[in-house]
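I opened my notebook to write down what I looked up in this structure, one topic at a time. Here is the thing itself before my notes.

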Amino acid sequence: VQLQASGGGLVQAGDSLRLSCAASKGTVSNYGMGWFRQAPGKEREFVAAINWSGSRTWYADSVKGRFTISRDNVKNTAALQMNSLKPEDTALYYCAAMTTSYNSGTYYYTEDNYNYWGQGTQVTVSS
């Protein structure tokens, strides 16, 4: 499976962006999916995750209420809708997939549990 993240850009504080993650060379319809981000000089951190059916989602406290993760198993894609963006959301955003879909968020918070990663898409939020 290959993942391609897209949709990043330069926006102002308060704006919205929608990131997309397209899977190819295999299906992710049974996989858990997640988004992580890495700001300059910081470690990569969990942002959001969704189980295989889309019935369960999990968010980092810093984005809860502003970001929404979703997926379309027919199109083999996942998305991250980001609203009310803040300068501290500036980072390189990665989508990731794990071959086992859990219903407990604990597994999704740890990047080592993911099997496939996209290349990242840059989000820059100016104040």
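Two strands pair if DSSP finds at least two bridges between them.

A note on sources: this is a predicted model, where local features need pLDDT of at least 70, side-chain atom pairs count only at pLDDT 80 or more, and totals for chains, interfaces and linings use all residues. Residues are numbered from 1 along each chain as its sequence is written, and side-chain values use heavy atoms, with hydrogens and water left out.

**Strand E9**

I asked which strands pair with E9. E4 does, antiparallel, over 7 bridges, and there Gly34 has Ala96 of E9 as its bridge partner. E11 (residues 121-126) also runs antiparallel to E9, with 3 bridges; I found Ala91 opposite Val123 of E11. E10 (residues 116-117) joins E9 by 2 antiparallel bridges, and Ala97 sits opposite Tyr116 there.

Then I checked burial (buried is under 20% relative accessible area, exposed over 50%, partly exposed in between, with a 1.4 Å probe and protein chains only). In E9, 7 of the 8 residues are buried, so the strand is largely enclosed by the rest of the structure.

I picked Leu80 and skipped its neighbours within four places in sequence: its contacts (heavy atoms within 4.5 Å) include Trp35, Val47, Phe67 and Tyr93.

**Thr90**

Thr90 is in the loop between E8 (77-82) and E9. What does its side chain reach at 2.9 Å? I found the backbone oxygen of Pro87. A polar atom of that Thr90 side chain also lies 2.9 Å from the backbone nitrogen of Val125.

Most residues other than glycine have a negative phi, and I came across exceptions. Lys25, in the loop between E3 (17-24) and E4 (32-38), has a positive phi near 60 degrees. Asn76, in the loop between E7 (67-72) and E8, has a positive phi of about 65 degrees. Are they buried or exposed? Lys25 is exposed, at 68% relative accessible area, whereas Asn76 counts as buried at 12%.

Conventions: Helices (H or I, at least four residues) and strands (E, at least two) are DSSP runs, numbered from the N terminus. A polar contact is a pair of N or O atoms within 3.5 Å; within protein, one must be able to donate a hydrogen and the other to accept it, and residues adjacent in sequence count only if both atoms are side-chain atoms.
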